[in-house]
Amino acid sequence: MANLVTPIIKNAVKYTKNGCRLVSKKTFAPETISHSLTPNGCKAVEIIETETHFGNGTATVFSFFGEDGKPLRKIITKGHNRKLSMTTRDYERVPTDFVGNDVLFTTTSFTENGALVQKNKESFFAYTTICDNTKAMKRTKLEMRPNADGSRSEKQIYEDWYPFIRNYFETTATRLKDGKVINKTISGNIKELEELQKDPYLYIRNYDKVDFTRSASWYAQRKQQVASMDGYLIIDKIKSRSLGQYTPWRKSVTVDAEKHQYLTELVDTINHEYRHKYQHWLIDKLGSPFKRLFLRNKTLTQDEEKFAMKLQKAEKNYCQPEKDYDKYYSNFMEVDARKAGSEAANEYIAYSHKLAAKFFMPSEMVHAQTQYSNISNFIKKAMQEGKVTVSTIPIKTAAKSKT
């Protein structure tokens, strides 16, 4: 009898054409529920429970809202035929100078039975055209699908949507487990695609900080002339105030990616540390004065030898910033490394502005730090000396340095 009653009850319930039915919709204060995925700044949580597949499946939607009522995060869980899927979408809004509008950034992860099947990173900029007052939108999207060997397949889109008009280009690539990007292609209906492809950061701009650091290090090693040398990259927290470190005895570069606010700063730090690696390689090649006197080093040019001698002298006088910051900051090794980092960061900004100009996009959409300048360097130095503390609620940024 029970087997007959259940279908009758289900048929009596009203479902949509897609087989869905609302079960409950409730709003809670974040402190009244126990949810480990509640984002910072959450002021309200909405939970919607539904039935799907005409009662044979379930779906629950958790929506987390900030003080202004705008969404911070959405989590959708679905269960059907012993398969559990979850979609997690994070929202971030970044103010721009473009007529007061924000850029909306979203990161969406799709999992099935606990395994990641796809991750998307998108940015949206909605605006109204000045000439005819019509709605338009600029968008970027990066799709990432993991492969069994640890690599992942990627597709990227940059586009500008007008009514009945779409200007765009697309890229595809494979990102290897070690961060190297291969099999790169580009297509689209805009001009100068070959010029765009010269951008060494084109395929990795939409990465998160850790992935960006690993992939950007490949270009930094070539740029700082250490690509063929032994050693490895470590991406991890650094207990000191340093943003990055080079350890000569193990030839390793360490970068604390999460300490950086902008990708521009990451480019600076990565190149700064690989420049230190190049410096130590030159010093090792130069050798002692005795070796230079009796075993003339043929592997260095005259200019390299002169430069290496300055580095060798600076190494002997090197002082950690905690002991004497002025002495550390003025050391020739640090002056040279800062120059290398700054030049790399400025190159990144130049390519960023070229890309943004193709679509007249806010520079934030191509992850350029528009405020990067000599003034920001001055503020950094003051922070490192403890003269200035910059607060970003609710986190206070302490003094930072590179070694």
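At which residue does H3 bend, and by about how many degrees?

**View 1. Helix H3 and its bend.** H3 bends at serine 217, by about 30 degrees; the bend is the angle between axes fitted to the seven residues ending there and the seven starting there. This is a predicted model, in which local features need pLDDT of at least 70, side-chain atom pairs count only at pLDDT 80 or more, and totals for chains, interfaces and linings use all residues. Residues are numbered from 1 along each chain as its sequence is written, and side-chain values use heavy atoms, without hydrogens and water. H3 covers residues 209-223 and spans 20 Å from first to last C-alpha, close to the expected 21 Å (1.5 Å times one less than its number of residues). Helices (H or I, at least four residues) and strands (E, at least two) are DSSP runs, numbered from the N terminus. Glutamine 225 follows H3 with a positive phi, near 65 degrees.

**View 2. Aspartate 211 and arginine 175.** These two side chains form a salt bridge, with the closest N and O atoms 3.7 Å apart (a Lys or Arg side-chain nitrogen within 4 Å of an Asp or Glu carboxyl oxygen). Aspartate 211 lies in H3 and arginine 175 in strand S10, so the pair ties together parts 36 residues apart in sequence. Both residues are buried (under 20% relative accessible area; exposed is over 50%, partly exposed in between; 1.4 Å probe, protein chains only).

**View 3. Arginine 205 and aspartate 199.** Their salt bridge has an N to O distance of 3.0 Å. Arginine 205 is buried at 0% relative accessibility, and aspartate 199 at 6%.

**View 4. A salt-bridge network.** Glu122, Arg139, Glu159, Arg166 and Glu170 are linked. Arginine 166 pairs with glutamate 170 at 3.8 Å.
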